[in-house]
Every structure is written in C-alpha cells, then in structure tokens.
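Hi everyone, thanks for coming.

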Amino acid sequence: MSELLMYLTNGIVIGVINAISAIGVSLIVGIMKVVNFAHGELYIFAGYFSYHLSVSLGVPPLLAMPLSIFLIFLIGIGMERTLIRPTYGDEMYSLIITFVLSIVLQNAALLIFGPYPQKPPNWVTGAMNIFGLYHYGNQRILSFFISIGVLLSIFYLIKRTWFGKSIRAISQDREMAALVGVDHLKVNMLAFGLGAALAGAAGVVLSPIFPVTPSGSSSVSLNAFIVVVLGGMGSLKGCVVGGLILGILENLGAAYISTMYRHIFGFIILILVLVFRPWGLFGQKTQ
Amino acid sequence: MGNKKLWISFAFIILALFPPLFLSQYWLHVMIISLFYVMMASSWNLIAGFTGQVSFAHAAFSGMGAYTSGMLTVYLGLPPWLGILIGTGVAALLGFGLGYLCIRMGGIYLSLTTLGFSEILRIIITNEDQWTRGTMGLQVPGFFVEYSKTSYYYLFLIVTILLLIVIYKIIHSEMGLTFRAVLNDEVAASSSGINTVRVRVLAFAISSAMSGLAGGFYGHYLMLITPDVPSLGQMFLVLAMAVIGGMGSFAGPIVGSFVLEILSEYIRVYGEYHVLLFGLIALAMARFAPEGVVGILRKKWRREWA
Amino acid sequence: MGVIIEGKGLTKSFGGLTAVKKVDFHLNKGEIVGLIGPNGAGKTTLFNLMSGVYHPEEGTLSFNGMEITSLKSFEICRLGIARTFQIVRPFLKMSCLENVLIGIIGRGDPREGIKAKGEEARKLLKFVSLEGHEKNSANNLTLIEKKRLEMARALATQPRLLLLDEVLAGLNPSEILQALELIEVIRTQLKMTIFWIEHVMGAIMKASDRIIVLDQGEKIKEGRPEEVVNDSKVIEAYLGESDA
Ligand SMILES: Nc1ncnc2c1ncn2[C@@H]1O[C@H](COP(=O)(O)OP(=O)(O)OP(=O)(O)O)[C@@H](O)[C@H]1O
Ligand SMILES: [Mg+2]
C-alpha cells in the first residue's frame with residue numbers, strides 16, 4: 001500500500017514538472033504554430049548549466065537555478081530572432097529547422113559537456129516521513145513545491161498580465177490582435193523565450209533527481225509533445241492534467257509492468273488519443 | 001521527359017557503370033552507401049518536398065524494412081528478396097496506419113508522432129534483444145552467395161535507378177500533380193475536389209514503403225543490422241541530404257546524398273564532427289537558400305545562359 | 001424550377017464574434033443571385049460554409065435535396081458546388097494548365113485519359129481567354145488573369161452551382177464588362193446557377209435575378225434588385241458603414 005502511494009507521489013511530482021515542460025511547448029505551438037523540436041535540448045542545457053554554475057563556478061544551487069533558466073531564456077530569444085522568425089507561416093520549414101537545431105544542440109552538448117550524465121548538487125538532503133506512511137526525499141518535495149510555484153506564476157502571467165492578454169489575443173486571431181495594437185513580433189519573441197525558459201525550468205528542477213545526458217534530450221521532447229497532444233494543443237489546463245496523467249501512468253507502469261518500457265506507455269497514450277480523441281482532453285474540435 | 005534530360009540521365013547511367021573498374025574496395029563501399037542514401041533522401045523528398053509533410057520516421061521505416069527482412073531470413077530462412085518484399089509491405093502498412101491517424105489532424109501531428117515512433121522503435125529493438133540482438137546487431141545473410149562489393153554496387157545501382165524512375169513517374173503523373181496542389185494550397189485543392197487527406201496519406205505510405213525497401217537492401221549489404229539504422233541520427237543525415245541538395249526538386253536529394261556521404265568520409269578522419277557540420281550547413285541552407293545546392297546552381301546557370 | 005441549394009438557420013462564430021447568424025436562404029436552379037452587404041457582414045463566411053471550408057455550429061445546408069452540412073470541401077465540390085476566392089488562391093507554383101487539370105482531376109473520374117484531360121484543360125483556358133499561358137506559372141499572371149484562372153479551375157470541376165467571391169474587385173471598367181460577359185456565357189451556355197458576392201453595385205444589380213443582403217451576420221433583406229436598393233434597412237446598413 002505505502003509502496004503504491006510512493007509511486008503515486010512520484011508520478012505527481014514528475015507530472016507537475018511534465019506540465020511545466022509541456023506548457024513551454026504548448027505556448028509556442030498556440031501562438032506561432034511552431035513545434036520546437038529542440039525543446040529537450042534546452043532542458044538538457046539547463047541541467048548542465050546549473051551543474052557547472054554550482055559545481056565548477058561555486059554559485060549556490062538556489063542561485064544557479066534561476067541563472068540557468070535566464071540563460072536558456074536568452075538562448076530561446078536568440079533562436080527566435082535568427083532562425084524561427086523567418087519561417088512564420090511556413091510550417092514545413094519551421095519543423096525542419098527546429099529538428100536540425102535539436103540535432104546540432106545535442107551534438108554541441110556532447111562536445112561541450114561530454115557524454116557522461118551530470119547531476120547538480122541537491123539543494124536539500126534527508127527525507128521526510130509522510131503522514132507516517134512512507135519516507136520521501138526532501139529534494140523531491142522541494143522540487144515539487146518549486147514546480148507548483150512556477151506553475152502558479154505562469155498561470156498568473158498568462159491570465160492576468162498584459163503579456164498574457166497579448167498572447168491570447170494572438171493565438172485567437174493574429175490579424176485582430178494586430179489591429180488592436182499588439183506587436184506580435186515582440187510577443188512572439190518573448191513567448192518563444194518563455195517557452196524555452198520553461199524547458200529550462202523543468203531541466204533545472206529535475207536534473208538533481210534524474211541526471212542529464214546529451215542523449216536524454218529526445219525523450220524529454222517527446223514527453224512534452226505527448227502531454228500537449230493529450231491535453232489538447234494550446235490548452236494550459238490540458239498541459240497540467242495531461243502532465244499528471246502521463247507522470248502517474250509512467251511511474252505506475254514502470255513499477256508494476258516494465259522499467260525498460262516506461263517511454264512506451266507515453267507513446268501508447270499518444271496513439272490512443274489520436275484514435276479516440278485526436279483534439280485532446282481540453283482541446284477544441286475546430287471547424 | 002524532355003529529350004535533353006533523357007540524354008543526360010542516360011549519360012549518367014553509362015558513367016555509373018564504370019566505378020567498380022577503378023575504385024578501391026573502400027570507395028566502392030562509399031558509393032554503395034551513397035546509393036542507399038539516394039534512395040532514402042529521394043523518397044523522403046517525395047513527401048517533404050512534394051507534399052510539405054515532415055516525417056521523422058523515414059529512418060525508422062528503413063529499419064522496419066531491414067529488421068523485418070533480416071529476421072525473416074535468419075529465423076525462417078526466407079530468401080533475402082522475399083524478406084525485402086515483405087519488409088517493404090510492413091513499412092507501407094505502418095506508414096498507412098500512422099498516416100491515417102495523424103494526417104487528418106494536420107502536419108504538426110504527423111511530425112510529432114513519427115518522432116515518437118522512431119524513439120519507440122529504438123527502445124523496442126534495443127530491449128527485445130533475444131530477437132533483434134539489441135545493440136550488438138543482428139547478423140543476417142547477404143544477398144549473394146559469394147560476397148563481392150562489385151555485385152552489390154550493381155545491385156544497388158539497379159534498384160536505385162528503378163526507384164528513381166518510379167519517383168520521376170509519380171512526380172509527373174496525375175498523383176504528383178495532386179501532391180503539388182496540396183503543397184501549394186490545401187484549401188484551394190480541397191475546394192477543387194481533391195481529397196487532400198487521402199493524397200497526403202497516400203504520399204506518406206508510398207514514401208515509407210520506399211524507405212522500407214531501401215532499408216531491406218541496406219541490411220543485407222551490411223549483413224549486420226544495428227539500432228543505428230532506424231535512429232534519429234540517420235534520420236537527420238537523410239533530411240540534411242535532401243535539404244542541402246534541394247528539396248522539391250528531383251535532382252536535389254541525389255546530389256545531396258553523394259556530396260554529404262563523400263564529405264563525411266573526409267571529415268570522419270578528424271572525428272565525429274560531420275553531424276554538427278552538416279547541421280550547421282543545413283540550418284544555413286534552410287534559412288538562406290531553401291532551394292538547396294541544385295536550386296542555386298540552376299539559378300546561376302539560367303542567368304549565364306539567358 | 002426547383003431549389004438547388006437551401007440553407008436553414010446557419011450560424012457560425014469565431015471566438016466571440018458571430019460571423020453568420022441564423023441565416024435562411026435558397027437558390028433556384030438557373031438563377032443568378034447576388035449576395036451583398038457591408039465589409040465584415042459575413043458573406044465570405046457563408047460561402048465558406050457552403051463549400052465545406054468551415055462547418056456551421058447550427059443549421060443545415062442541402063444541395064439538390066441532399067444534406068451536405070458536414071461534408072468536406074472535396075465532397076461538396078464533387079457533388080457540384082465550385083467556388084472562387086475573394087483573395088485569389090491559384091496554385092502559384094504550378095502552370096496554368098496544371099491549375100485547371102487539378103479541377104478536372106478533382107472530379108474523381110478515373111475513366112478519362114490524361115490526354116483528354118489535357119485537351120479539356122486547354123479548352124477551358126481558352127474559354128477564359130488565357131490561351132498561350134498554358135505553360136506559364138500562375139505566379140506570373142496579373143490579378144485579373146489569376147481570377148480568370150480560378151474561374152477556369154472552378155469550371156473544370158463541372159459544377160451545377162458556382163460561387164463567385166468578388167470577381168470584379170480590382171478590375172477596371174472594361175475588364176468588368178469582359179467579366180460580366182463571361183458570367184453571362186457561363187449561365188446561358190453552361191446552364192449553371194450562380195451565387196455571387198460583389199461590392200460593385202451597378203454590375204451586380206444589373207446582372208442578378210435576386211439579391212440577398214447580409215449585415216452583421218444576419219440576412220436583412222432579400223428581393224429583386226430594385227426592391228433592395230430602395231429598402232431603408234439596406235440603406236441604413238451601408239450608411240452605417242460609411243460613418244464608421
Ligand atoms: N477565420 C476567421 N477567424 C476569425 N474571424 C473571422 C474568420 N473569418 C472571418 N472572420 C470574421 O467574420 C466576420 C465576417 O467576415 P467575412 O469575411 O465573412 O465578411 P465579408 O462579408 O466577406 O466581408 P468583405 O466584404 O470585407 O469581404 C468578420 O468580422 C471577420 O473578421
Ligand atoms: Mg468577403
């Protein structure tokens with residue numbers, strides 16, 4: 001029983017981080033119809049940044065974290081300006097470019113950081129007894145609360161601020177948004193940066209638990225894509241619910257069925273969604 | 001086909017008969033691999049360049065072809081040609097199934113799902129090692145009783161030429177016309193009576209079948225099939241060849257395949273930098289010269305002759 | 001004269017905006033009907049509903065007595081409704097002949113040979129005065145030529161009902177006369193029903209049997225041209241526009 005509870009807790013913790021990562025993809029898809037295949041690489045880079053900032057440069061872990069995310073944000077902005085912006089409206093080229101970029105970044109990571117898994121130091125140590133049922137690592141508990149914090153700020157940003165309103169205006173009707181004075185180039189750029197930063201945030205939060213390697217990036221991207229399709233393209237709520245579902249199913253599946261095949265559960269979910277509800281849980285069945 | 005084009009193709013085919021006479025075994029190998037990539041990049045170009053859909057499962061389908069045929073020949077003792085035929089069929093069916101599921105939802109879904117499919121295939125092949133031998137690789141029989149690079153070269157040459165003829169015919173048929181209409185303007189095509197989803201699924205299934213075929217031959221040439229065959233790294237190379245050579249043109253992927261494969265042999269001397277380099281070139285091309293090398297040359301020639 | 005197409009209670013909205021609101025209409029076989037209304041009235045959206053580009057949230061559409069509300073564009077086209085686009089959409093990277101061939105292929109009749117199709121496409125190009133442009137890329141045409149090419153592509157599908165979205169916009173007076181002649185020929189010789197959106201009032205009033213007026217998504221008037229021009233609601237709708 002307590003074992004099951006622990007796997008569930010794991011699923012929820014991972015699920016929340018899944019949600020953050022997926023929102024990063026979803027934002028960009030929703031606004032500019034671009035799928036960022038380099039999403040997983042940004043996550044990996046964030047993990048390595050926070051490792052090197054804290055281990056090689058001695059920055060305190062809790063400072064290394066936002067710093068890494070900020071660096072990834074800047075990389076995202078740079079990507080948008082140089083490579084993504086010229087492809088707006090041309091879906092095929094944007095898909096090709098972000099895919100090539102993912103391969104380039106993956107190889108660059110291999111060259112710069114080497115092939116070995118790295119793990120930034122834990123922010124906290126020890127474990128906590130949960131309701132007298134089981135012990136749970138403090139690092140994971142802290143990761144969970146930080147992720148919830150990130151999630152809440154994202155929701156605040158998108159539901160309450162100028163930036164969020166512009167984003168929603170653009171994803172509903174680009175021309176109308178332009179008419180009412182939304183500078184969509186600027187919003188696109190910031191949104192792409194934010195999407196990247198969210199990949200970074202997921203990477204920074206999760207890397208002390210699961211070490212990062214250059215070859216691990218594609219499964220990060222894939223996870224995010226599955227969550228986005230499951231939740232429904234462009235739906236924030238969908239990302240949270242989808243992220244939790246995937247997190248819990250993967251953890252239970254890995255525990256009770258097969259560890260090797262943990263990623264296959266996600267793919268099965270993807271296929272099932274495409275068969276039975278291709279617009280996703282919270283997506284709109286358009287037209 | 002215009003008379004001039006026919007003569008040029010004919011001249012190339014004649015020239016292609018000679019390499020085994022003077023190339024070393026090593027360079028003959030490079031030529032055979034290049035021919036494999038010509039099949040891969042040209043068939044990928046058929047969907048990406050002609051219908052605008054980006055599949056990331058092209059290498060995966062070639063892996064399906066290779067492993068299907070490989071396992072049929074190893075475990076059931078089927079002759080390679082039959083194995084390849086079945087492998088091609090399996091790739092076609094899978095392509096049809098995946099295409100049918102995703103394409104009605106739009107191109108983004110196809111790209112996401114094919115990427116997922118590639119990853120999953122890699123995981124399955126690596127884990128089911130009692131059948132696939134995992135990362136050790138599956139040893140399979142060759143196509144010929146007596147191993148000879150020269151025989152393989154001619155085999156690959158013939159298959160490649162046949163495949164290119166089929167692709168050429170498709171591009172210049174009614175079907176090819178509907179491909180281009182869908183690429184040009186989906187709404188207008190649909191409003192003119194074209195079943196755009198059917199066209200896209202068909203293009204995807206055909207192209208997947210072709211990569212299954214190419215993979216089948218590839219496996220029986222290598223005689224050792226590893227998860228590298230269906231990997232995303234391989235997928236990237238195929239994509240880079242088409243993009244750098246020139247998507248949407250018949251000659252682009254052919255040129256791209258030879259240039260990149262030969263180039264990678266020279267770069268490999270300095271280490272595994274070719275992927276990074278090709279990636280950067282492909283980015284620059286996609287950004288500044290989406291018509292690829294062939295497009296650039298064509299423009300230049302037109303200017304000089306006009 | 002039977003009814004060829006009938007819409008009942010058609011409604012379509014985008015986000016919060018209802019572009020077409022509970023519209024009822026019908027066309028009789030062989031009629032030319034004009035669809036007018038100020039900018040943003042929902043005219044093009046109504047065409048998009050009729051050609052399956054969008055599907056209505058409410059209401060039904062039937063064509064020759066058959067329900068077509070939720071059919072896809074290509075199915076509707078094969079039943080016999082073809083259209084042109086307000087913002088022209090020829091296949092830009094294809095030749096004019098290929099553009100028209102797509103319409104012929106779109107009929108989905110496998111019995112016809114490629115030769116016969118080529119011949120037919122040439123004839124259609126000639127019909128819209130584009131002979132000599134067969135191999136020319138559609139991208140190289142002028143606006144009026146592109147419009148004629150779209151017309152040829154639509155005719156190639158052998159429709160019974162032709163939807164024309166502002167084919168006269170951007171043309172000079174002599175070009176308008178040519179286009180009107182062409183439309184008249186299509187009606188009399190090819191015996192098609194025509195539903196026609198236009199802002200060029202003089203032309204549409206002269207050529208139409210009947211006019212339907214939309215304003216802010218709703219049908220505000222329907223009748224013979226002379227009835228419509230003198231209607232106070234219609235005048236108001238157009239005046240409202242010039243105020244804005
Ligand atoms: N795809 C869409 N997404 C969002 N809004 C749309 C879309 N298509 C049309 N609209 C809106 O619906 C309303 C009706 O548009 P429609 O194009 O049907 O008008 P129209 O009568 O054809 O106008 P015009 O004379 O300017 O062509 C407009 O307010 C327009 O902005
Ligand atoms: Mg309009």
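Before anything else, one definition: the radius of gyration I'll quote is taken over C-alpha atoms, and the globule rule is 2.2 Å times the number of residues to the power 0.38. Please keep in mind that this is a predicted model.

Let's start with chain A. With its 287 residues, a compact globule would have a radius of gyration near 19 Å, and chain A has 19 Å, so the two agree. Along the principal axes, its C-alpha atoms fill a box of roughly 60 × 45 × 35 Å.

What is chain A built from? It has 11 helices and two strands. If you follow the sequence, the order is α-α-α-α-β-β-α-α-α-α-α-α-α.

Of the 287 residues in chain A, 57% are buried. Among contacts in chain A with a separation of 6 or more, 76% are between residues 24 or more positions apart. The accessible surface of chain A is about 12,000 Å², and carbon and sulfur atoms hold 68% of that. As for charge, chain A carries 15 positive and 9 negative charges, whose mean positions lie 9 Å apart.

Let's move over to chain C and look at helix α3, residues 96–105. How many of its residues are buried? The count is 10 of 10, so to speak a mostly covered helix. Among them are C:Glu98 and C:Asn99, along with C:Leu101 and C:Ile102. And what do the buried residues of α3(C) pack against? Their partners are α4 (114–127) and α5 (143–156) of chain C, together with α9 (174–184) of chain B.

Methods. Residues numbered from 1 in each chain as written. Chains lettered and ligands numbered in written order. Predicted model: local features only at pLDDT ≥ 70, side-chain atom pairs only at ≥ 80, totals over all residues. Heavy atoms only, no water. Helix = DSSP H or I, 4+ residues; strand = E, 2+ residues; numbered from the N terminus. Buried < 20%, exposed > 50% of the residue type's maximum accessible area, 1.4 Å probe, protein only. Contact = heavy atoms within 4.5 Å. Areas by Shrake-Rupley, 256 points an atom, 1.4 Å probe, with all protein chains shown as cover. Lys, Arg positive; Asp, Glu negative; His and termini not counted. Charge placed at Lys NZ, Arg CZ, Asp CG, Glu CD.
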